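Me: I'm new to this one. Can you walk me through it in short answers?

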Amino acid sequence: MVQQQEKLNEAKALLTALGLPKAQCNNRSAWVFLALANIKPSDNWSSSTAKLLQTVKIMEFIRNEYGMDYKPNSRETIRRQTLHQFEQARIVDRNRDDPTRATNSKDNNYSLNRSILEILAEYPNGGWLGKVQNYKDAVPELKAQYERALDMHKIPISLPNGETITLSPGKHNQLHADIVHEFCSRFIGSGGRLLYIGDTASSRKEGGKLMFREAEYLESLGVTPMSHDKLPDIVVYDEDREWLFLIEAVTSHGPISPKRWIELEETFKDCKVGLVYVTAFPDRAEFRKNAADIAWETEVWIADNPDHLVHFNGERFLGPHGKSI
């Protein structure tokens, strides 16, 4: 117990010296730091390592070595209130093994930055304070390098007005880009106007799912502001045919099922134009896994076979159906 408390106090002192805000120098952040360094109560700091650890593994280490049993619903608090700030301060790298991994992947992991290991090699009795100062001086460039590395893997999407936005890396957002560049060009054409697109990263600043939205235009079509949080992954308006395409991109979440169809019908009940429901898949394997759940009177598009649509029943192939005609 004494060794556990000593290590906890040392970790908190180190985080304070590194310049972390008070909220990230508490017991929770200190335990997380100890887990990332793989330091048990009887270990010397010089034995620190930089293993790739998922949040659940960090919690497991804290429970086994320091007796603090965080409940499963604490995982998001640890990620948002400690790991996110560690990443911003360049204490940790996220997904060092695969920078293209989606932010919402279950395989996300964190590991100590090499500059932090150099400090720990001399903590708490050597020349660690000098190395802390070197770290602080280098943080702006470390942040710039990290952002450049992230930007290399971001996915560009060209908007109809000629602007370009970038989505975080990941299979889901790659499908978003394929929908805009491949589906829309083939099945909507020059009359298409992108009105909404989400980003699974929740943005690097944890600002939410939204990436691009034309709120006023949506409202002009009868889509109320209150319904914006219930939008599908992508919304595109065909100005020539006056059809609003509601597109769900499926890589981990489900397709437009009967239940989702009812939800969208309710969300868009005041919409003044026809609704076209489309579920997009990256490949046939993903389509086969979800085929039984797809609602009738909807369309399916598969990115690796982009010239074709699969229509689920009805008297017409592509277009609005039922009360939306």
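Me: Where does Gln24 lie?
Reply: This is a predicted model. In it, Gln24 lies in the loop between helix H1 (2-17) and H2.

Me: Is Gln24 buried or exposed?
Reply: Gln24 is buried, because its relative accessible area is 5%, and the cut-off for buried is under 20%.

Me: Which residues does Gln24 touch, leaving out those up to four places away in sequence?
Reply: Gln24 touches Leu15, Ser29, Gln81, Gln85 and Phe86. There is also a C-alpha pair to look at. The C-alpha atoms of Gln24 and Thr82 are 6.0 Å apart, and these two residues are separated by 58 residues along the chain.

Me: OK, at what angle do the axes of H2 and H3 cross?
Reply: At roughly 100°. The axes of H2 (residues 27-37) and H3 (residues 55-66) come within 9 Å. So H2 is roughly perpendicular to H3.

Me: Which residues make that contact?
Reply: From H2, Trp31, Val32, Leu34, Ala35 and Leu36. From H3, Ile58, Phe61, Ile62 and Tyr66.

Me: How many of them are nonpolar, polar and charged?
Reply: The contact of H2 with H3 has nine nonpolar residues, no polar ones and no charged ones.

Me: And how do H3 and H4 pack?
Reply: Their axes are 10 Å apart, and the angle is about 95°. H3 and H4 are therefore roughly perpendicular to each other, since angles of 65 to 115 degrees count that way.

Me: Which residues meet there?
Reply: Thr55, Val56, Ile58 and Met59 in H3 meet Arg75, Ile78 and Leu83 in H4. By class, the contact of H3 with H4 divides into five nonpolar, one polar and one charged.

Me: New topic: charges. Why would side chains pair up at all?
Reply: Side chains of opposite charge can pair when their charged atoms come close.

Me: How many salt bridges does the structure hold?
Reply: The structure holds 19 salt bridges.

Me: Start in H3. What does Glu60 pair with?
Reply: Glu60 forms a salt bridge with Lys57, and their closest N and O atoms are 3.9 Å apart. Both sit in helix H3, three residues apart, so about one helical turn separates them.

Me: What about a pair in H4?
Reply: Arg79 and Glu76 both lie in helix H4 (residues 75-88), three residues apart, about one turn of the helix. Their side chains meet in a salt bridge of 2.6 Å, N to O. Glu76 is partly exposed, with a relative accessible area of 36%.

Me: Asp93 and Arg90: buried or exposed?
Reply: Asp93 is buried, and so is Arg90. They form a salt bridge, with the closest N and O atoms 2.3 Å apart.

Me: Which residues are linked in a network?
Reply: Glu248, Lys259, Arg260 and Glu263 are linked in a network of salt bridges.

Me: Now the backbone. What should I expect in general?
Reply: Most residues other than glycine have a negative phi, and most peptide bonds are trans.

Me: So what is the peptide bond from Tyr123 to Pro124, cis or trans?
Reply: That bond is cis, with omega near 5°. Pro124 is in the loop between helix H5 (114-120) and helix H6 (128-153).

Me: What about the phi of Asn95?
Reply: Asn95 has a positive phi of about 55°, although it is not a glycine. Asn95 is in the loop between strand S1 (92-94) and strand S2 (110-112). Asn95 is buried, with a relative accessible area of 2%.

Me: And the phi of Glu297?
Reply: Glu297 has a positive phi near 60°, and it is a residue other than glycine. Glu297 is found in the loop between helix H10 (284-290) and strand S10 (299-302). Glu297 is partly exposed, with a relative accessible area of 26%.

Me: Last one. How many helices and strands does the protein chain have?
Reply: The protein chain has ten helices and eleven strands. Of its 325 residues, 50% count as buried. The chain exposes about 15900 Å², and carbon and sulfur atoms supply 49% of that.

Definitions and conventions:
Residues numbered from 1 in each chain as written. Predicted model: local features only at pLDDT ≥ 70, side-chain atom pairs only at ≥ 80, totals over all residues. Heavy atoms only, no water. Axes fitted to C-alpha atoms, helices over the stretch in contact; angles between N-to-C directions. Helix = DSSP H or I, 4+ residues; strand = E, 2+ residues; numbered from the N terminus. Parallel < 35°, antiparallel > 145°, perpendicular 65-115°, else oblique. Contact = heavy atoms within 4.5 Å. Nonpolar A, V, L, I, M, F, W, Y, C, P; charged D, E, K, R; others polar. Buried < 20%, exposed > 50% of the residue type's maximum accessible area, 1.4 Å probe, protein only. Areas by Shrake-Rupley, 256 points an atom, 1.4 Å probe, with all protein chains shown as cover. Salt bridge = Lys/Arg side-chain N within 4 Å of Asp/Glu carboxyl O.
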